[in-house]
Amino acid sequence: MSPVRVRFAPSPTGFFHIGSARTALFNWLYARHTGGTFILRIEDTDQARDSEKFLRLIYDSLTWMGMDWDEGPNANGVGERGDYGPYRQSQRAEVYQRYLARLRNAGRAYEKDGAIWFKQLGDRYTVFDDHRKKEVEKVKSDLVVIEDQIRGRVERAEDEDFVIVRSDGNPVFHFVNVVDDIEMKVTHIIRGEDHLSNTSKHVRLYEGFGVTPPAFAHIPLILKSPEMGQGKMSKRDQGALVEEYQRRHFLPEALVNYLALLGWNPGEDREKMPIAEIVRRFDLPAVNQSNAKFDSKKLAHMNMVYLLEQPADRFLALAKDYFAQQPNGASVMADESYFAEIMSLAQPKIKSVEELGAYTNYFFTEEFPIDDKVKAKVMGKGEPKARLAELMATLPAMDFASDASIEAAIKSLADGKALGFGDYQGVARLALTGTNAGPSITSIFRVLGRDRTLARLQRFAAVA
RNA sequence: GCCCCUAUCGUCUAGCGGCUAGGACAGCGGCUUCUCAAGCCGUUAACCGGGGUUCGAUUCCCCGUGGGGGCACCA
């Protein structure tokens, strides 16, 4: 069997959609699983809608998700690699001319209304088409049989001539897609199910060229989640674009892991897996046949699990990346070791990098807000003002060397009053952070330091 | 309207003729705990309907119904 060659063939007409990313991923996984070649081909034949900046978005998104391509344009936008180029359809006009000539010589192409049409073989008749509200010419012919790797045998009638070159001279998708797949020796076409109906056209085209079609594998589509409504996920839907996850500092490996699970199952109840294992387990027959609804909660959970297990230095890098984009980022990161200390406190507690700003805010400013609901709750129970006063009295002599020494000091204070640690924890946290959520109170004491801790307690006591 | 694909908890899914229908996310309850998370334990929840085939159908076939896609000089 010849080595596997698969391709991802986006057209740069919009933002990089999550569904496109999943199609790319399945192709990439299959190439890596089989030791084959992953080709990136740019289908930029629709000049009116294409744009250079969308091209870069495709390169960036694929790279961010870790999908490297063996052939195609270089990610920096300069030049390309591979023996079957050019890899942008806008530069392949000569190839299309050659293939058009082949079709003409075979009597399978003709001109009408200034466009060039592909000719079906068989007896002709006309019929009124309800959908298009006009008479159309049909051809009596055998059904096209598609042996799909995921869906099995699919039969479909392909009984009309169709345009392959527009009257403005630009070849259409069906034609260039098939020509390029032949020229680039693609062995497996893995694409969304929305192309299944087109496949009969493509098979006819292969026949017209006298070429055996490659294997087809039509993967299920990604649908909107129930709260988003009905139908296929579209560019306008919340969470539909890859760049959104990049912007929100998701971990790309979490997104990839989640996407791999949408329409594919590795068996053995495995879900969270390193990419090497996904590559090892992935195969076409295990891909599902029914569409999947997108679940942002499950993605968020996957992201959290990945985040929790990151080594401290990687988490710190992610945090820096995040704060670099925040308005107050520079001042927050000014003291490197202080910043690192706080990030290490935050890592086990947050669910996503984008929570970092709000979660650590009070470490970097005295202007943090006080949560009124929390305040009402904390101040309404026991004698918080008395506890606050006791804490302030104890503070000057407290040993700030470690969390343990701070904890011991507070505990002995509590013991002396026949109280518990919790009687001090809540009010101290409120005074120091303005909320009821955060790292251990002893860590907050230690990191803030004696002076700032005391000052905040005093300030709070004055207004509480 | 025509054509194609599809159908198990709310969601992602396991199941490939005989199962107490399993896992994950979400939900709910509890434990743990200095708060909040996390974690741990438990729990609610599903085979779309009707015909066949078979000793026996979630599983195979057919028909409905639901969902999705396509029917362009878009890709």
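1. Domain 2 and domain 3 have their centres 54 Å apart, taken over C-alpha atoms. Chain A as a whole is divided into domain 1 (5–88 + 222–297), domain 2 (92–219), domain 3 (311–363) and domain 4 (366–464), with bounds that come from an automatic or database domain assignment.

2. A word on the basis of what follows: this is a predicted model, in which local features need pLDDT of at least 70 and side-chain atom pairs count only at pLDDT 80 or more, while totals for chains, interfaces and linings use all residues. Residues are numbered from 1 along each chain as its sequence is written, chains are lettered from A and ligands numbered from 1 in the order in which they are written, and side-chain values use heavy atoms, with hydrogens and water left out.

3. Now to the RNA. There are 63 residues around RNA strand B, and Arg132, Arg151, Arg166, Lys349 and Asn436 come nearest; a residue is near a strand if one of its heavy atoms lies within 4 Å of it. Of the atoms of RNA strand B that come within 4 Å of the protein, 68% belong to sugar and phosphate. The surface near RNA strand B is made up of 19 nonpolar, 22 polar and 22 charged residues (Ala, Val, Leu, Ile, Met, Phe, Trp, Tyr, Cys and Pro count as nonpolar, Asp, Glu, Lys and Arg as charged, and the others, Gly among them, as polar).

4. A polar backbone atom of Leu261 is 3.3 Å from a sugar or linking oxygen of RNA strand B, and for a polar backbone atom of Asp194 the distance to a sugar or linking oxygen is 3.5 Å. With Arg429, an N or O atom of the side chain lies 3.2 Å from a base nitrogen of the RNA strand. Elements that give two or more residues to this surface include β10 (152–156), α4 (173–183) and α17 (422–433). Helix α9 gives the most, with five residues (helices are DSSP runs of H or I with at least four residues, strands runs of E with at least two, numbered from the N terminus).

5. The whole structure holds 18 aromatic pairs (rings of Phe, Tyr and Trp, the last by its six-membered ring, with centres within 6.5 Å; planes under 30 degrees apart are stacked, over 60 edge-to-face and the rest tilted). Phe118 and Phe162 make a tilted pair, 5.4 Å centre to centre with 40 degrees between the planes. Because Phe118 lies in strand β6 and Phe162 in strand β11, the pair ties together parts that are 44 residues apart in sequence. Both Phe118 and Phe162 are buried (under 20% relative accessible area; exposed is over 50% and partly exposed in between, with a 1.4 Å probe and protein chains only).

6. Phe400 and Phe445 are a stacked pair, because their ring centres are 6.2 Å apart and their planes at 25 degrees. Phe400 and Phe445 are both buried. Elsewhere, ring pairs link Tyr322, Phe323, Tyr338, Phe339 and Phe364 into a cluster.

7. Finally, two residues to look at one by one. Lys224, in the loop between β14 and α6, is buried at a relative accessible area of 14%. Ile190 lies in strand β12 (residues 188–192) and is buried too, with 1% relative accessibility. The C-alpha atoms of Ile190 and Asn177, 13 residues apart along the chain, are separated by 13 Å.

Methods:
Polar contact = N/O pair within 3.5 Å; in protein donor to acceptor, adjacent residues only side chain to side chain.
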